[in-house]
Every structure is written in structure tokens, then in C-alpha cells.
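The structure comes before the account.

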Amino acid sequence: MIRSVVRGTGAALPRRIMKNADFEGMVETSDEWIAQRTGIRQRHIAGDDETTASLGEAAARAALANAGLTPDDIDLIVLATSTPNNTFPATAVEIQHRLGMHHGFAFDMQAVCSGFVYAVTTADLYIRGGLARRVLVIGSETFSRILDWSDRSTCVLFGDGAGALVLEAAEGAGTIADRGVLAASLRSDGAHKDKLFVDGGPSTTGTVGHLRMEGREVFKHAVGMITDVIEATFSQAGITAADLDWFVPHQANKRIIDASARKLGIEEQKVVVTVDLHGNTSAASVPLALAVAVADGRIKKGDLVLLEAMGGGFTWGAVLVRW
Ligand code: UT7
């Protein structure tokens with residue numbers, strides 16, 4: 001059977017780093033509160049010349065270089081983002097143009113923080129369905145542009161950045177020993193749409209709007225939802241937490257990551273954590289964390305890696321990949 005195997009990873013971050021202490025003069029907060037409640041110590045914030053498209057392009061180029069490929073080798077670009085450069089066309093098409101790609105096709109996916117997990121699953125289906133052989137899957141965000149910088153309960157939590165994977169069709173035996181995407185479980189429930197949303201949009205206010213979140217409510221649901229989709233993914237693949245080499249969760253809050261890992265019985269040393277460095281970069285958080293753990297040599301060929309995310313909608317999901 002056809003499997004979607006990871007050929008390369010890449011990442012891109014804005015030049016400017018904003019430390020927790022930099023918020024102290026702006027809103028009533030402290031480095032101590034942010035670090036203790038979230039695990040975040042710093043985040044990158046896009047400058048005027050840095051956009052979702054430019055960061056996505058840079059991450060894509062890094063992933064292509066890591067894979068030893070060029071844009072000519074790619075059939076499809078799937079970009080996960082909730083902060084597109086424009087309402088339309090899709091920012092994926094702008095990235096396609098920036099890469100000098102005049103063939104294939106490109107589109108955006110919008111599942112907020114779960115966007116990358118949805119995008120990997122979608123790309124896998126395009127590959128297994130024979131519509132594409134090599135896919136660039138990108139998560140790129142500039143949440144700094146939709147934050148209310150006077151709201152301490154949200155502005156300290158998010159950051160900007162991009163990460164990318166190249167997925168490639170390869171023959172597999174159809175077993176858990178295959179390399180590639182092995183199992184996935186996706187969920188959404190719009191009953192929770194008012195707990196994490198943007199208060200504007202083209203069809204309602206005609207404005208971009210600002211991010212609003214009932215943080216405590218999101219927190220309350222997060223661990224249960226995350227562990228449910230992971231257990232569904234484990235049972236699909238016929239594995240347990242003990243079989244995993246690496247757990248790469250969505251990077252929103254270190255307390256959510258720790259509680260999910262504890263509930264699932266995943267050992268602490270198998271958990272990749274980058275929330276301290278990047279904050280919550282929404283759809284970019286999982287591919288940024290992956291790029292870090294691949295670059296520092298933790299994730300190696302043959303490792304069993306579990307990706308997970310949960311966010312606005314609510315949306316949530318998990319994907320199991322043998323590297
Ligand atoms: O990526 C999508 C998914 N999103 C998430 O996973 C986010 C989930 N939620 C969270 O991570 C946490 O709920 C937060 C980090 C947002 C908040 O942590 P918490 O422990 O749930 O705090 P809280 O909302 O219960 O607020 C505790 C107190 C409040 O004050 P009172 O009402 O107790 O007087 C807040 O007003 O902390 C206050 N507070 C702050 N204080 C200092 C809220 N934000 C800040 C701040 N600095 N930045």
C-alpha cells in the first residue's frame with residue numbers, strides 16, 4: 001500500500017523576540033505569572049515585512065533543502081493557517097508563486113490550532129488517493145496581527161512562526177512497521193465556537209477582528225479531548241503509549257501538555273516541548289516543534305512519533321507517523 005513518508009522538515013521564525021518581561025509595561029502582568037501558568041518565556045513577533053506568506057515560504061524552502069528537493073518536485077501545497085495574508089486568494093497560492101511553482105495546486109486549511117494535524121491527514125489522503133506524489137504541508141501564522149494587545153489574558157500567550165514538512169508517496173507493507181502516516185483521528189464540535197474565536201470576519205463585520213478566548217473553559221476541555229483522540233489513534237494502530245518514541249503535542253500551555261502526557265502514561269523524556277521558546281503559534285506549533293526535535297537529533301528515521309492538537313471550534317486531532 002501507498003504510505004506518505006516524511007522526506008524533510010523546516011522552520012522559520014520572525015527576527016524579533018519578545019520576552020515575558022517586555023509585557024510588564026504594557027499590561028498588568030509579570031514574567032512569573034506567564035511562566036508559571038503557561039511555561040512560556042518568549043515568543044517571536046513578525047515585523048512589518050514578515051507575513052504568513054513570507055514565513056511559510058521560508059519554512060517551505062528549509063523543508064525542501066532538508067529533503068534535497070526543489071519546488072519542481074512538489075505537486076501540492078497545503079497551508080494550515082487562520083491568519084492568511086488576504087481573505088482570498090489562499091495564502092498557499094502566494095507561497096506557490098513565491099517558490100516559482102507554476103504547476104500543481106495549492107490551498108489553505110482552517111482548523112485553527114489543529115490546522116497542521118488536519119493538513120497532514122488531508123495531504124496523506126491526497127497521496128494515498130493518487131492525486132499527488134509529493135506534498136508540502138505548511139503551518140504558518142501571524143497571530144500577533146489579530147491579538148488585542150490591551151487584553152492580558154490573551155496577548156501574552158501567542159507568537160508568530162512557520163513550520164513545514166515534505167511528504168512523499170512510498171510503498172509500504174501495510175503494517176505498523178511501515179514508515180509514513182499510520183493512523184489519524186480528527187474531531188470538531190461547533191457547540192464550543194464562542195470559547196475561542198475572532199470577533200470579526202468578511203461576512204459579519206467586514207473587519208479582521210481580534211482573538212477572544214475564555215481560557216479557563218478551553219483548559220477545562222483540552223486534556224479530555226486530546227486524550228480521547230490519541231486513544232482512538234492508538235487503538236486504530238494497535239499500539240500503546242509505551243510503543244511511542246516521541247510525543248509532539250500542540251504547544252499552548254505546558255500544564256496541558258504535562259497533564260495529557262501523564263493521563264496517557266507517556267514518559268516525560270519522550271515529550272517535545274517548545275512552548276517556552278515560541279509561545280502558542282497555533283497551526284505552526286506542531287511543525288515548529290517537529291523541526292526543532294529533528295534538527296537537534298532527537299527524532300530519527302524509524303521513530304514512532306505522535307502529533308496532537310486542539311483549538312478553536314473546538315477542533316482537535318492526532319496523527320501517528322513513523323519517521
Ligand atoms: O491553542 C488553543 C488552545 N488554547 C489553550 O489551550 C489555552 C487554554 N487555557 C490556558 O492555557 C489557561 O487557561 C490560561 C493560561 C489562558 C489562563 O490560566 P488559568 O490558570 O486558567 O488562569 P485563569 O484564567 O483562571 O485566571 C487566573 C487569574 C485571573 O484573575 P482572578 O480572576 O483570579 O483575579 C486572571 O484575571 O489570572 C488573571 N490573569 C492574569 N494575571 C497576570 C489572566 N491573564 C493574566 C496575565 N497576567 N497575563
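## Overall fold

Among contacts (heavy atoms within 4.5 Å) between residues at least 6 apart in sequence, 76% join residues at least 24 apart. The model is predicted: local features need pLDDT of at least 70, side-chain atom pairs count only at pLDDT 80 or more, and totals for chains, interfaces and linings use all residues. Residues are numbered from 1 along each chain as its sequence is written, and side-chain values use heavy atoms, with hydrogens and water left out.

The protein has nine helices and 13 strands; these are DSSP runs numbered from the N terminus, helices being H or I of at least four residues and strands E of at least two. Its radius of gyration, taken over C-alpha atoms, is 18 Å, close to the 20 Å that the globule rule gives for 323 residues, so the protein is as compact as a globular protein of that length. The rule is 2.2 Å times the number of residues to the power 0.38. Along the principal axes, the C-alpha atoms fill a box of roughly 55 × 45 × 40 Å.

## Burial and nonpolar cores

Of the 323 residues, 57% count as buried. Buried means under 20% relative accessible area, exposed over 50%, and partly exposed in between, with a 1.4 Å probe and protein chains only. The accessible surface, from the Shrake-Rupley method with a 1.4 Å probe, comes to about 13100 Å², and 51% of it belongs to carbon and sulfur atoms.

A nonpolar core is a set of buried Ala, Val, Leu, Ile, Met, Phe, Trp, Tyr and Cys residues joined through side-chain atoms within 4.5 Å. The largest one has 46 residues, of which I230, L244, I266, L306, M310 and L320 touch the most other members. Two or more residues each come from β8 (180–188), α6 (215–237), α7 (254–264), β12 (304–311) and β13 (315–322). The largest share, nine residues, is from α6. Domain 1 (2–171) and domain 2 (180–322) each supply at least three residues to this core; the domain bounds come from an automatic or database domain assignment. Apart from this core lies another of 35 residues, including V6, V137, A283 and A309.

Beyond its neighbours within four places in sequence, M310 is in contact with C113, S114, V218, A222, M225, I226, H250, T315 and W316.

## Helix α1

In α1 (residues 31–38), the buried residues are I34, A35 and T38. They lie on the same side of the helix because they cover an arc of only 100° around the axis, the arc being that of the directions from the helix axis to the C-beta atoms. E32 and Q36 are exposed on the other side. The buried residues of α1 pack against β3 (42–45), α7 and α8 (275–278). After the helix comes G39, with a positive phi near 85°.

## Loops and backbone exceptions

Most residues other than glycine have a negative phi, and most peptide bonds are trans. The bond from F88 to P89 is cis, with omega near 0°; P89 is in the loop between β4 (76–80) and α3 (91–98). The bond from G313 to F314 is also cis, with omega near -5°, and F314 is in the loop between β12 and β13.

V112, in the loop between β5 (105–109) and α4 (115–128), has a positive phi near 50°. S282 also has a positive phi near 50°. S282 lies between α8 and α9 (285–295) and is buried, with a relative accessible area of 1%. E268, in the loop between α7 and α8, counts as exposed at 66% relative accessibility.
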